[in-house]
Amino acid sequence: MNRKIAAAVLLAAVAGGTAVHASAQEKVLRVVPHSNLSILDPIWTTQFMARNHGYMIYDTLFGTDEKNRVQPQMVDKWTVSPDNRLWTFTLRPGLEFHDGKPVTGEDVVASIARWGKRDAMGQKLMTFVERMDAPAPNTFRIFLREACGIMLEALGKPSSNVPFIMPKRVADTPADKQIEEYIGSGPYIFKRDEFKPGDKAVYVKNPKYEPRKEAPSGTAGGKFVYVDRVEWNLALRDAQAQVNALAKGEVDVLERPAFESYEQLKKADGVVLVNKDPLGFQYMARFNHLHPPFNNPKVRQAALAAMQQEPFLRAQVGIKEYYKACPSMFTCGTPYGSAKGSDIQSKSNMKKAQELLKASGYDGTPVVILKPTDLAAIQKLPDVAAQLLRQAGFKVDLQAMDWNTVVSRRAKKEPPAQGGWNIFLTAWLAPDVWNPLTNAAIGADGEKSWFGWPKDEAIEKLRDQFARETDEAKKKALAEAIQVRAFEIGTHAPLGEYVNPLAARKNITGWVIGSGDIYWNVKKN
Amino acid sequence: MDTQALSVESANIARRESAWQRLQQHWSVRIGGAVLILLVLAALCAPWLGTVDPTLFDAASRDLRPGQSGEITTLDGELIKHQFLMGSDSFGRDIYSRVVYGTRVSLLVGIATAVLALAFGIVFGLSSGYLRWLDGPLMRVMDGLMAIPAILLAITLVAMWRASLVTVVVAIAITEVPRVTRLVRSLVLSIREEPYVEAAVSLGTSTLRIMFGHILPNCIAPLIVQGTYICASAILVEAILSFLGVGLPPDIPTWGNIMSEGRVQFMAYPHNLFFPGVFLAVTVLAVNILGDGLRDTLDPKMARRL
Amino acid sequence: MYTFILRRLLSTIPVLLVVAVLVFLMLRLTPGDPAAILAGDAASTEQIAQIRSSLGLNRSIPVQFGIWAGNLLQGEFGRSYFYKMEVTQLIAQRIEPTLALATLTIVIAVLVSVPLGVLAAWRFGGWFDRALMGFSVLGFSVPVFVLAYLLIWIMSLKLGWFPVQGYKRLADGFWPFLHHLILPAITLSVIYIALIARVTRASVLEALGEDYIRTARAKGLPEARVLMRHALANAAVPIATVIGIGIALLIGGVVVTESVYAIPGLGRLTVDAVLARDFPTVQAVILLFSFAYVVINLLVDMSYVVFDPRIRY
């Protein structure tokens, strides 16, 4: 109880009261995020907004730099036993939570355990883990049943879910309930008393945070903070209004402008476009393997042949410099981004698709495509899919609904006519799809896998091997084999990659190159 | 001023009033009616007015200014040249075609909502006015419905169900039924007391016959007027629903849809909002003017109230 | 008088009950599962089912209603499914912008429309009258958001007189508060100016045709006095009625305006809550709006006593 009061006092002292009037000296960064912040538990949900919120107030054990190498963050050094089964980590000195308590190994162990119950890659990691403990306050150990090659990749993964470190009492919250306390050890402190859902979220600089000495890179390196306050404007959701506000200087940053806005942004005075995330995103179309017509692999192949990446990218993104076709299910330009096996999609044409469809015995069952009406970033994809599939000879039933309804419907295993679906489309951040373990669409364990529920033992075996493999060359080969098989059975259709540069006022500098939306190191001059 | 001059003056005012009213009647009904007939014709003849399939798009023809030419890919895969009279949207769809086809949907939404609301309102109003035991509970329900803000009710219904033409029409109609019910009920209550109704009752005429044969014919005039206002309101509400993202799915072109999709780049490409907006305003204006004219002609008593 | 008020207040109870039942049923009988949304992207069917039961959604509808109504009577409106805070707290945060916008809109609308209507009635048949009638029909034919974009383009971007968007709390200073609110209020008031001006014109016109006006003029009273003291006062009842209707309709218009101008008010809260299937919030806000509607109607009816001494309750 005293600790809570101390925390409140500390927060109040740092905040300086509730009357919000930025003094002349105080630097406030006004950000317009890409969506509303509703869920504040980044382990509970994979929503990017929750993850971004997490990056503000929490810290991670490892990070991934802009060259996609895992680097230590909270961890100082670590050792691995010769049989690869005992990992011992030592934390950096001086790590403290916002309530003043030091970060201990117990906090870390509890946090990893909770994350390991929700995250796909974390769950995979946990299957190898026998137990974890914290022999000393600044040390923690992980005992493995057998060697696995994904320890650092998992602990350092940049995107949802990120293994953020929380105090033990918070991390002990059951994994199926949301946390209610938002205390972390990160570079910013969450001003809970100023949080107004749908209106704004406020973060202030953590004066006690000790960044690493290295330069920031991706989610690794030193998290230096050069502004006093960051305000997320959650009320400004109209895209044209966002552009107008940035042009007039009423806000500082548009996190992810709509593609149609770029033309105006380029012409606006005092506004620059920053491509801080060159790896960007990947679009994908997911088939429902449980029901006709996509329970027939030949039909899936015909669909893959019809759904060329160019039309999707051109329609949705439109700006040539911002997109590229990538014949890989994993991110092009990363270790596992090879083109092997992708010919069915990348070297096809509409005629071939039509032939494949005829040969597959497709009986005219309409394809129900879920189309979200309120997500500008993927809004046009379903229309393109409908057009291409129709040209190939499919019957298409394009159904429009808001994104939340899409989310509820895609979880339904009923037939399309009873509230189910055949195809939905979505976008992922590059790190979410760049290897066979984080890529949710590759998992083929039937009803236990991601929405779409493909079932293929070969892929699952290869994924298991991949998790155990420690040799990089062998991992690459395994990833290729997985991809070949995935294209063969048509788990899903990758639809190309794109970047979504942020728009900011000229006087905002210090953008960190890497995946995700990162607000440390940002300067307001 | 002497009283004689005053009375002459007031007589002049009265005459001016009736002459001007007559002028206005003709003027309103004529203009409003003419515009609407034109729109209905445009809606019916949409395929022959130089339009293409409004759902066809081609990324190469995005964001063309009004009057520019471009290409469209048909479903069979062939490329046709087309002049975009009203420009194209960010998909590459022809706004002119969408606006013309959108006339169909907007008019359909307006008329269907009015008909549906009137039908249910008449049934409820007649029952409520004539059957005393039903009056209390039914009017409580109607009061409750009226208390819920119409837009919120419509949004909730459409968002909860599926975005389709039927859902939107039903949702908007539900919000309009209470007012029609009240109108019919008050008319019924006043007409019930008329001698010819009492005579019919004493002759043993069935309740149904009295309701539909005697009472209803006297409600026709104010109902028609109310119907036009419902139509105008429905067209506007549909546009607002589309604007908020809970209207008809975008592959059914409605003026609200076109504006909703175009709002992202309003400043750069105002034609996305301008053309459907003008059509919307003109249509609603025409319906309102028609309604005013009809009201003045058919039901001068109501004219006092509005 | 007081028995009238009491009777009216009592009669609101069945109305609110009807509203409560209607809204409750609407939300639960239509497809849309808050549990699936809450569960997140990678949830399994079991997790979704777990959340449903923790929210109490797996029980029968009458039971759910009973629980909710019971809590309501104790003053508890429930907890938002998404925001981890009491619904009352959520509403309290968002009520100020909506109230401010609505109030300013009504003030502008009444201050502009009543004089216009009186003027039009006085100069009946003249160019001003016809112009007003024409513009008023236009006023409620153009959708609010089109008007909003137009005004933003002209007054904010081209002329730079007003900010493009946003809301400043009253606590942060009166001028910024007003400055941010003017454009949205003007946008929203147009339709009400149109409506109220028309009714004002019609009722003043009717009043001007009455005998007592002739008498007043015959007495030699100045025209202004005739208009204000006699005509307008007697026309007040229908004008008050339409103002009351206008306030009730205002709630709908507020939704769109808040959306375009990025004002974090109750209108946006409701739309977001409906889309997120946040049942407790939707129920509470709609109940609140309905209650406001009923109270406003009562106030309007009571105002008749002030305007028309013949009316006695």
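The model is predicted, with local features requiring pLDDT of at least 70 and side-chain atom pairs counting only at pLDDT 80 or more, while totals for chains, interfaces and linings use all residues. Residues are numbered from 1 along each chain as its sequence is written, and chains are lettered from A and ligands numbered from 1 in the order in which they are written.

In chain A, strand β10 spans residues 229–233; strands (E, at least two residues) and helices (H or I, at least four) are DSSP runs numbered from the N terminus. Of the 5 residues in β10(A), 4 are buried, a residue being buried if 20 or more other C-beta atoms, placed from the backbone, lie within 10 Å of its own. Strand β10(A) pairs with β1 (residues 28–32) of chain A in the parallel sense over 4 bridges, where pairing requires at least two DSSP bridges between the strands. Within this pairing, V28(A) has R229(A) as its bridge partner. Strand β9 (residues 200–205) of chain A pairs with β10(A) in the antiparallel sense, over 5 bridges. Here R229(A) stands opposite V204(A).

Chain C contains 12 helices and 0 strands. Its C-alpha atoms fill a box of roughly 85 × 55 × 35 Å along the principal axes. Of the 313 residues of chain C, 46% count as buried. Contacts (C-beta atoms, placed from the backbone, within 7 Å) were also examined by sequence separation: among those in chain C between residues at least 6 apart in sequence, 73% join residues at least 24 apart.

Technical notes
Buried ≥ 20, exposed ≤ 12 C-beta atoms within 10 Å, placed from the backbone. Contact = placed C-beta atoms within 7 Å.
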